[in-house]
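I opened the notebook to look up aromatic pairs and helix packing. My entries follow the model.

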Amino acid sequence: MVIYMGVVLYAPALALNAVTGFDLWGAVLAMGLVCTLYTALGGLKAVIWTDVFQTIVMFAGQLAVIIVGTHQAGGIAEVWKKAQNGSRISGLDLNPDPLERHTFWTLGVGGVFLMLALYGVNQAQVQRYLSSRTEKVAIMSCYAVFPCQQIVLTMGCLMGLVMYARYGEESPLDKGYVKSNDQMVLYFVMDVLQDLPGLPGLFVACLFSGALSTISSAFNSLATVTMEDLIKPHVAPMTEARATLLSKMLALGYGLVCLAMAYIASLMGSVLQAALSIFGMVGGPLLGLFCLGMFFPWANSTGALVGLVSGLVMAFWIGIGSFLSRMSASALPVMNTTITPDVGNMTTALMTTLITSKPRPSGVQALYSLSYMWYSAHNSATVVVVGLLVSFLTGPSKEKDLNPGTIYPVLGNLLFFLPQRYREKLCCVTPLDDKSKVMDCQPYLMTRKESNGVAYTEEEGEQKTTQPTCNLAHTVQETAL
């Protein structure tokens with residue numbers, strides 16, 4: 001999360017620097033300090049409410065650019081026509097090759113695992129679910145994400161088509177007006193909106209709103225997890241005031257660390273691919289760990305730990321290897337060989353260009369060439385497979401030792417055609433809500449949080465700190481399972 005924050009902090013500052021000449025690291029420092037300050041002072045409540053206003057600004061900024069740009073290009077029909085003529089409208093690519101960057105399978109299957117890692121087990125998202133008043137509201141927020149996400153993606157694609165309709169094949173990058181693809185959008189915005197006072201500033205606000213909303217969520221979640229999982233279990237009980245102060249200091253500390261990480265982000269190339277690659281590298285193993293614990297009753301703690309370490313090692317091996325491989329490839333000179341046949345006095349000269357097709361990578365290079373959209377699926381599968389193997393070798397968990405409500409019997413549902421006794425032997429029919437086994441266990445309660453991350457429930461007007469009354473495999477905090 002800290003590495004990802006560096007990417008998010010660096011990207012808008014880079015774009016602003018390219019177009020306005022505003023000092024790059026001055027923008028990084030200003031944004032980082034402002035975000036750190038309001039997150040440390042306001043906690044989760046400040047994070048969520050600023051996110052609401054920042055989202056409105058983001059949509060307004062993108063809409064303004066698309067509407068004005070489309071009007072100047074001659075209408076949406078003209079934009080679409082130019083994009084089709086320029087082969088910018090891609091058909092359905094059903095190539096199953098996982099080394100291809102974007103295909104139907106890469107986006108449709110690999111993207112599902114990436115989104116599960118982002119919205120299912122990502123700390124910054126889970127803290128939002130737990131801040132909901134009821135479980136039903138938390139579930140509705142998940143359903144609301146999907147259409148909003150499609151609108152954001154559609155607007156991003158439309159902006160790209162409008163840019164192509166305006167510049168054609170002679171992009172600002174080719175002409176040397178900008179230095180990287182990540183700077184082209186803001187250049188386009190300043191070009192299109194330069195005669196409309198206020199609108200360029202609206203888009204700059206849109207750009208920074210997206211970054212601030214992401215960073216503030218991360219600061220708060222990092223501070224809360226550190227407080228709940230690393231500090232409270234190992235120190236004596238502290239007062240509310242001291243816990244609040246310590247939580248704010250942690251948020252401030254993480255803010256300063258993320259400022260340092262922004263420098264590393266400047267070396268990562270394309271910021272969007274870097275951001276998604278980081279989530280695939282780290283979010284993938286985390287997703288695998290949750291899946292291992294929720295769907296496989298045989299998994300034990302040793303298997304989970306070894307599986308997680310294996311997944312992280314595999315993730316960083318592929319991620320760092322891919323980065324170094326791209327760096328070495330870009331350092332090699334590119335040679336274009338053109339052969340002109342000796343045609344004597346012929347009036348027509350035949351130009352033949354020999355194009356050598358790029359060989360398919362093999363061995364380790366194939367692993368490094370894996371599409372970044374598959375990182376999450378590959379790494380989560382590694383955790384599950386290794387975790388199950390180690391669990392069976394060290395002694396799998398028994399069904400009678402499991403707490404109902406902590407396992408979803410997915411295998412039992414898939415093997416519905418087998419007799420009950422065989423499914424019981426496979427340990428795949430663990431009930432979700434067997435009341436006889438939970439007896440005195442306190443049911444899961446949706447919680448609210450103070451700014452320092454302390455969870456509590458409201459019951460008959462009293463504030464009570466939630467504590468599980470038996471050995472349930474969940475805790476009421478951001479790392480809830």
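I counted rings of Phe, Tyr and Trp (its six-membered ring) as paired if their centres lie within 6.5 Å, with planes under 30 degrees apart called stacked, over 60 edge-to-face and the rest tilted. The model is predicted, so I note that local features need pLDDT of at least 70 and side-chain atom pairs pLDDT 80 or more, while totals for chains, interfaces and linings use all residues. Residues are numbered from 1 along each chain as its sequence is written, and side-chain values use heavy atoms, without hydrogens and water.

Entry on aromatic pairs. I find 8 aromatic pairs in the structure. Tyr167 and Phe188 pair edge-to-face, at 6.1 Å centre to centre and 75 degrees between the planes. Tyr167 lies in helix H6 (residues 135–167) and Phe188 in helix H8, 21 residues apart; helices are DSSP runs of H or I, at least four residues, numbered from the N terminus. Phe188 is buried at 1% relative accessible area, and Tyr167 is buried at 18% (buried is under 20%, exposed over 50%, partly exposed in between, with a 1.4 Å probe and protein chains only). I also list Tyr167, Tyr187 and Phe188 as one aromatic cluster.

Entry on H8. What does Phe188 meet in H2? I find Val65, Val68, Gly69 and Gln72 of H2 meeting Phe188, Val189 and Val192 of H8, where contact means heavy atoms within 4.5 Å. The axes of H2 (residues 24–73) and H8 (residues 184–192) come within 10 Å and cross at roughly 65 degrees; axes are lines fitted to C-alpha atoms over the stretch in contact, and angles run from 0 to 180 degrees between N-to-C directions.

Conventions
Helices (H or I, at least four residues) and strands (E, at least two) are DSSP runs, numbered from the N terminus.
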